[in-house]
Amino acid sequence: MTEMTEIKPANNRELVLTRVLNATPAQLFKAWTTPELMTQWFAPKPYETPVIEIEARDGGKFRTVMTGPDGFHMDSTGVFLKVEKDRRIITTDAFGPDWKPTEKAFFSAEILFDDLGDGKTRYTAIARHWSVEDCETHEKMGFHEGWGQVATQLEAVASKL
């Protein structure tokens, strides 16, 4: 069992969400790296992600299309910076496939899976923004509520694997 304290934002450009989930790191990692599973949990309901294209490897592509009420549509691309099986995933929207810079980088995400034993995992999502303004915008968009809801949806999917 790994003993860790909860991670706090390192600065005013970070947002952090930590939850203890009833799923193993392997189950959570599989749910995070399998497009067919991700479509079930990746967006807070009533939003959906009908398109998810990923290559879960260092340098691999990451694309999601999120849709929602009133015609909401957001197409996001990025790359995996680091993929450590059952332990950690880092993505960024600063680059697209083939390391081509995107028009406007918003944030990088680090997802940590810390094994607590007995089928439980400390799940930590860290959103690191390029500017204080982007961080504040993300928080006002409902980061904690949305990503909290997504963590609950992720747990529901992963715990059945």
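Is Phe 95 buried, exposed or partly exposed, and what is its relative accessible area? In this predicted model, in which residues are numbered from 1 along each chain as its sequence is written, local features need a pLDDT of at least 70, side-chain atom pairs count only at pLDDT 80 or more, and totals for chains, interfaces and linings use all residues. Side-chain values use heavy atoms, with hydrogens and water left out. Phe 95 is partly exposed, with a relative accessible area of 30%, where buried means under 20% relative accessible area, exposed means over 50% and partly exposed lies in between, for a 1.4 Å probe and protein chains only. The residue is found in the loop between strand 5 (88-92) and strand 6 (107-117); helices (H or I, at least four residues) and strands (E, at least two) are DSSP runs numbered from the N terminus. Together with Leu 81 and Trp 99, Phe 95 forms a nonpolar patch on the surface, the accessible area of the three amounting to about 270 Å². Patches are made of residues with over 30% relative accessible area and no salt bridge, like charges being joined within 9 Å and nonpolar side chains (Val, Leu, Ile, Met, Phe, Trp, Tyr) within 5 Å, and accessible areas come from the Shrake-Rupley method with a 1.4 Å probe, only the protein chains shown counting as cover for residues.

Helix 1 (residues 25-33) is largely enclosed by the rest of the structure, because seven of its nine residues are buried. These buried residues are Pro 25, Gln 27, Leu 28, Phe 29, Ala 31, Trp 32 and Thr 33. The structure holds 12 aromatic pairs, a pair being counted where the rings of Phe, Tyr and Trp (its six-membered ring) have centres within 6.5 Å, with planes under 30 degrees apart taken as stacked, over 60 as edge-to-face and the rest as tilted. The rings of Trp 32 and Phe 42 are edge-to-face, since their centres are 5.8 Å apart and their planes stand at 90°. Trp 32 lies in helix 1, whereas Phe 42 lies in the loop between helix 2 (35-38) and strand 2, so this pair ties together parts that are 10 residues apart in sequence. Both Trp 32 and Phe 42 are buried. A further edge-to-face pair is formed by Trp 41 and Phe 42, at 5.5 Å centre to centre and 65° between the planes, and Trp 41 is likewise buried. Ring pairs link Trp 32, Trp 41, Phe 42, Phe 62 and Phe 80 into a cluster.

Strand 2 and strand 3 run antiparallel and are joined by five bridges, strands being regarded as paired if DSSP finds at least two bridges between them. The hairpin that they form has six residues between the strands, and in it Gly 59 takes a positive phi near 85°. Glu 48 stands opposite Thr 67 in strand 3. Thr 67 is partly exposed, with a relative accessible area of 21%, and, residues up to four places away in sequence not being counted, it touches Tyr 47, Glu 48, Pro 50, Phe 72 and His 73, contact meaning heavy atoms within 4.5 Å. Between Thr 67 and Pro 50, which are 17 residues apart in sequence, the C-alpha to C-alpha distance is 7.6 Å. Thr 64, which also lies in strand 3, counts as buried at 6% relative accessibility. Its contacts, with neighbours within four places in sequence left aside, are Phe 42, Val 51, Ile 52, Met 74, Asp 75 and Ser 76.

The count of salt bridges comes to 12, on the rule that a side-chain nitrogen of Lys or Arg lies within 4 Å of a carboxyl oxygen of Asp or Glu. Glu 53 forms a salt bridge with Arg 63, with the closest N and O atoms 3.0 Å apart. This pair links Glu 53 in strand 2 (residues 48-54) with Arg 63 in strand 3 (residues 61-67), 10 residues apart. Glu 53 is partly exposed, at 29%, as is Arg 63, at 24% relative accessibility. Arg 63 also forms a salt bridge with Asp 75, the closest N and O atoms being 2.8 Å apart. Because Arg 63 lies in strand 3 and Asp 75 in strand 4, this pair ties together parts that are 12 residues apart in sequence. Salt bridges that share partners join Glu 14, Glu 84, Arg 87, Arg 88, Glu 110 and Arg 128 into one network.
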